[in-house]
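Here is a friendly tour of a few packing details. Have the viewer open as you read.

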2 protein chains.
Amino acid sequence: MRLLIALGGNAMTAADGSARPADQRAAITAAMEAVADLVVAGHRVVLTHGNGPQVGNLLLKNELAAEVVPPVPLDWCGAQTQATIGMLAMDALDRLLPERGSSTRSATLVSRTLVDRDDPAFATPTKPIGRYVTRAEAELMMDHGQHWVEIKDRGWRRVVASPEPRECLDVAGVTALLDAGYVVVCSGGGGIPTVSDEQEGYIGVEAVIDKDLTAALLAMQLDVDTLVIATDVDSAVIGWGTPQARPLGRVTPVELRRLATEGHFAAGSMAPKVEAVTRFAERTGRPGVITSLARIEAAVAGDAGTRVLVDV
Amino acid sequence: MRLLIALGGNAMTAADGSARPADQRAAITAAMEAVADLVVAGHRVVLTHGNGPQVGNLLLKNELAAEVVPPVPLDWCGAQTQATIGMLAMDALDRLLPERGSSTRSATLVSRTLVDRDDPAFATPTKPIGRYVTRAEAELMMDHGQHWVEIKDRGWRRVVASPEPRECLDVAGVTALLDAGYVVVCSGGGGIPTVSDEQEGYIGVEAVIDKDLTAALLAMQLDVDTLVIATDVDSAVIGWGTPQARPLGRVTPVELRRLATEGHFAAGSMAPKVEAVTRFAERTGRPGVITSLARIEAAVAGDAGTRVLVDV
């Protein structure tokens with residue numbers, strides 16, 4: 001089977017959220033154990049991943065150095081995290097796959113995601129990113145064209161647009177490598193947010209694309225058999241935090257949308273994962289799965305996780 | 001013909017050496033005009049590139065933010081520049097190629113280069129990188145494991161190893177994409193310096209690999225027809241700065257090595273380019289060329305540049 005696996009923050013950073021280089025290497029190496037098992041089981045795997053803590057660190061470096069070195073835009077920071085995370089994933093797979101008797105190779109593609117310049121998200125940037133700063137610090141960054149808002153009693157925080165992903169621009173290269181037998185790492189952090197400009201052609205834009213929504217789009221463009229959103233829980237849970245809490249197993253897109261409307265899934269956390277697997281199941285008639293790294297193999301076989309499918 | 005083109009600093013930054021984001025975009029877009037012309041002329045092109053000013057900026061950000069955000073190693077900075085430069089190259093080619101009636105696509109691969117852990121360069125790091133700092137600033141970075149040396153009357157400067165590139169690890173993916181018709185951007189900054197560790201497998205290492213020497217190795221591994229080192233002069237020059245100065249046209253590897261030994265080519269500038277094209281010509285019997293972006297098409301046809309070939 002062709003699988004698209006979207007790795008969440010827990011596959012990228014230490015349990016305490018630390019994104020120090022050694023922590024990133026350890027977390028990604030652990031995640032690649034599950035991926036290597038899938039490859040050895042005969043699946044063709046495309047990996048995508050989040051990049052929140054990594055981009056947070058890069059933004060902070062840009063801010064702290066802004067008086068000496070010109071800051072690079074957010075889309076550049078996203079591109080940078082694709083390379084470092086891809087490097088770590090390839091290093092790990094190049095050890096774990098031969099250990100399992102596999103000669104499968106891996107490749108990381110720098111990947112852009114098209115968004116609409118007139119997406120309403122750009123008119124009202126609302127996605128807060130990075131740390132709280134003083135007014136003076138925020139003003140320095142606003143001089144470089146960024147949007148910052150004052151949040152009562154906390155300080156100033158940067159806000160960016162989170163537009164809808166429209167097209168994974170570099171998907172043909174992914175297909176070429178996948179067909180050649182590679183594990184492909186691509187579209188990290190939701191892909192580099194890119195608009196199509198009449199004069200300049202494609203050009204990066206300061207925004208954050210939800211990595212789960214990009215994963216759904218990528219899964220459709222690649223025509224994979226299953227979309228797997230890997231996170232830190234074995235299944236999505238309804239009634240979370242109540243005595244009625246129960247893990248969600250097999251479910252139809254219609255039922256899952258009803259549960260989402262009822263507010264069972266946290267915004268910015270489980271909600272976009274649910275939206276991603278639902279979109280994939282609706283458009284393709286194939287399963288979307290939410291599960292943990294430890295349960296991926298069982299979930300792909302239909303025996304674990306939250307599994308969304310039109311015909312349950 | 002299959003061409004490997006190595007782009008130098010002038011294709012990456014403004015004429016004054018500035019590596020601000022807009023300057024990088026403008027310089028790379030201009031360089032891609034020459035590349036697009038080659039593609040339309042029927043050549044299959046692999047691009048590699050330097051990253052000195054870009055890595056310099058990233059290192060400086062790491063240093064300035066070191067008390068707040070853990071610095072990432074030099075190999076991570078190199079990876080980061082592969083992604084941003086590749087992104088800019090793809091944006092430009094996606095406009096310039098369709099403008100010329102070509103539907104050729106491009107792809108950027110994150111690429112590692114294997115070096116020997118016992119390369120003598122690691123015992124005595126000598127390659128100075130980045131800016132001069134005070135003893136106190138250097139000591140902070142030394143606490144993070146870096147090597148810095150005091151240079152009389154100037155201050156402290158970081159030194160790193162510049163080991164010999166042994167193998168481009170991700171070349172199979174390049175071949176797959178090249179065969180599928182892509183312009184491939186890879187091995188930027190000489191590739192991410194990587195050693196093979198008995199326990200950990202591949203792991204990045206803090207070093208700087210000469211991008212021209214990696215280009216020669218990559219050209220051999222890819223079995224291209226011509227290696228082109230693109231720089232800011234039309235040809236290598238002998239007797240530079242003397243009344244006897246003259247551009248070098250066709251030359252054998254033996255003759256070029258003799259000229260190099262006589263000191264005609266500046267260390268760290270023209271000398272590694274000369275070494276790169278000489279190695280390629282010696283090992284493959286095919287031409288290595290040094291020329292400017294403006295003269296690439298003529299140089300590939302054998303009508304411009306410094307052309308090294310066993311049988312001139």
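In helix α8 (residues 253–261) of chain B, Pro253(B), Leu256(B) and Leu259(B) are the buried residues. Seen down the axis of α8(B), they fall within an arc of 120°, so they line one face of the helix; the arc is that of the directions from the helix axis to the C-beta atoms. The face turned away from the buried side carries the exposed Val254(B) and Thr261(B). Buried means under 20% relative accessible area and exposed over 50% (1.4 Å probe, protein chains only). Helices (H or I, at least four residues) and strands (E, at least two) are DSSP runs, numbered from the N terminus.

These elements of chain B are among those covering the buried residues of α8(B):

| Element | Residues |
|---|---|
| β13(B) | 237–238 |
| β15(B) | 250–251 |
| α9(B) | 270–284 |
| β17(B) | 306–308 |

After α8(B) comes Gly263(B), with a positive phi near 85°.

This is a predicted model: local features need pLDDT of at least 70, side-chain atom pairs count only at pLDDT 80 or more, and totals for chains, interfaces and linings use all residues. Residues are numbered from 1 along each chain as its sequence is written, chains are lettered from A and ligands numbered from 1 in the order in which they are written, and side-chain values use heavy atoms, leaving out hydrogens and water.

Now to chain A. Helices α2 (residues 52–64) and α3 (residues 74–99) of chain A pack at an angle of about 130°, their axes 9 Å apart. Axes are lines fitted to C-alpha atoms over the stretch in contact, with angles from 0 to 180 degrees between N-to-C directions. Among the residues of α2(A) that meet α3(A) are Leu58(A) and Leu59(A); contact means heavy atoms within 4.5 Å.
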